[in-house]
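Subject: Structure handover

Dear colleague,

Here is the structure I promised to pass on. Please keep it open while you read the notes below.

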Amino acid sequence: VTPNLPEAIALLSSGAATAGLAGGGAARVIRNLGEMEGAARELRELLGCKALVLKGGHMEDSEESVDVLFDPSDEAAPVRHFRSPRVHTKDTHGTGCTFAACLAAELAKGYGLAEAVSRTKAYVTGCIRHSIRLGKGCGPLNHMWEFHPSLSSHGQ
């Protein structure tokens with residue numbers, strides 16, 4: 001499961017309400033890496049999945065974008081951080097779908113979960129860094145950046 005921060009907040013808020021937990025239905029706030037780790041643990045438990053990647057791209061008060069993998073089956077490192085420099089652009093349309101699809105592809109290629117997340121993070125960061133400026137709204141990622149870097153509107 002690969003929620004972003006707003007999705008995690010919505011799921012945790014509604015899940016707590018459904019389970020009748022204290023504070024159920026109250027809006028959650030995730031402000032830092034420690035709270036991201038806690039939210040990843042809670043959400044994995046709530047959803048019953050084996051592992052969870054909480055994507056940190058929406059935490060815009062940092063010069064880094066940090067994703068948190070919580071995988072309790074990894075005894076050596078059940079919590080891992082995947083960092084990349086923040087790319088300042090609003091052209092991020094499709095990041096969530098791209099992340100999930102790329103992660104599935106990397107796992108299908110036989111990579112372990114942590115390596116698959118690392119490869120996915122690098123690919124999606126490249127897609128954002130070389131995203132395409134179209135119109136006035138949120139432009140799309142550039143999935144072909146490795147093959148056609150000239151398509152990038154950001155000159156990076």
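**The sheet**

Strand 1 pairs with strand 2 (residues 64–70) in the antiparallel sense, over three bridges. Two strands count as paired if DSSP finds at least two bridges between them. Strands (E, at least two residues) and helices (H or I, at least four) are DSSP runs, numbered from the N terminus.

This is a predicted model: local features need pLDDT of at least 70, side-chain atom pairs count only at pLDDT 80 or more, and totals for chains, interfaces and linings use all residues. Residues are numbered from 1 along each chain as its sequence is written, and side-chain values use heavy atoms, with hydrogens and water left out.

Back to the pairing. Val53 has Leu69 in strand 2 as its bridge partner. Strand 2 also pairs with strand 3, again antiparallel, over seven bridges. There, Ser65 has Ser84 in strand 3 as its bridge partner.

Together the three strands form an open sheet in the order 1-2-3, with antiparallel pairing. Strand 1 (52–54) and strand 3 (79–85) are the edge strands, and each pairs on one side only. On average, neighbouring strands are turned by 20° against each other, direction ignored. Helix 4 (residues 113–129) packs on this sheet and touches strand 1, strand 2 and strand 3. The direction of helix 4 makes about 20° with that of strand 3. Axes are lines fitted to C-alpha atoms, for helices over the stretch in contact, and angles run from 0 to 180 degrees between N-to-C directions. Contact means heavy atoms within 4.5 Å.

Strand 2 is mostly covered, with six of its seven residues buried. Buried means under 20% relative accessible area, exposed means over 50%, and partly exposed lies in between (1.4 Å probe, protein chains only).

**The chain as a whole**

The protein chain has four helices and three strands. Along the sequence they follow the pattern α-α-β-β-β-α-α. Of its 156 residues, 38% count as buried. Take the contacts with a separation of 6 or more: residues 24 or more positions apart account for 49% of them. The accessible surface of the chain comes to about 8,400 Å², and 56% of that belongs to carbon and sulfur atoms. Areas come from the Shrake-Rupley method with a 1.4 Å probe; for residues, only the protein chains shown count as cover.

**Salt bridges**

A salt bridge is a side-chain nitrogen of Lys or Arg within 4 Å of a carboxyl oxygen of Asp or Glu. By this rule there are eight salt bridges.

One of them joins the side chains of Lys121 and Asp67, at 3.2 Å from N to O. This pair links distant parts of the chain: Lys121 is in helix 4, Asp67 is in strand 2, and they are 54 residues apart. Lys121 counts as buried because its relative accessible area is 7%. Asp67 is at 3%, so Asp67 counts as buried too.

Asp74 bridges to Arg80, with the closest N and O atoms 2.7 Å apart. Asp74 is buried at 16% relative accessibility, while Arg80 is partly exposed at 30%.

Asp91 and Arg133 also meet through their side chains, at 2.1 Å from N to O. Arg133, at 34%, counts as partly exposed.

**Ala116**

Ala116 lies in helix 4. With a relative accessible area of 0%, Ala116 is buried. Beyond its neighbours within four places in sequence, Ala116 is in contact with Leu103, Glu106, Leu107 and Tyr111. Ala105 is 11 residues from Ala116 in sequence, and their C-alpha atoms are 8.5 Å apart.

**A surface patch**

Which residues form a nonpolar patch on the surface? They are Val1, Leu11, Leu46 and Leu47, with about 300 Å² of accessible area together. Patches take residues with over 30% relative accessible area and no salt bridge; like charges are joined within 9 Å, nonpolar side chains (Val, Leu, Ile, Met, Phe, Trp, Tyr) within 5 Å. Val1 is in the segment before helix 1 (5–19). At 48% relative accessibility, Val1 is partly exposed.

Best regards
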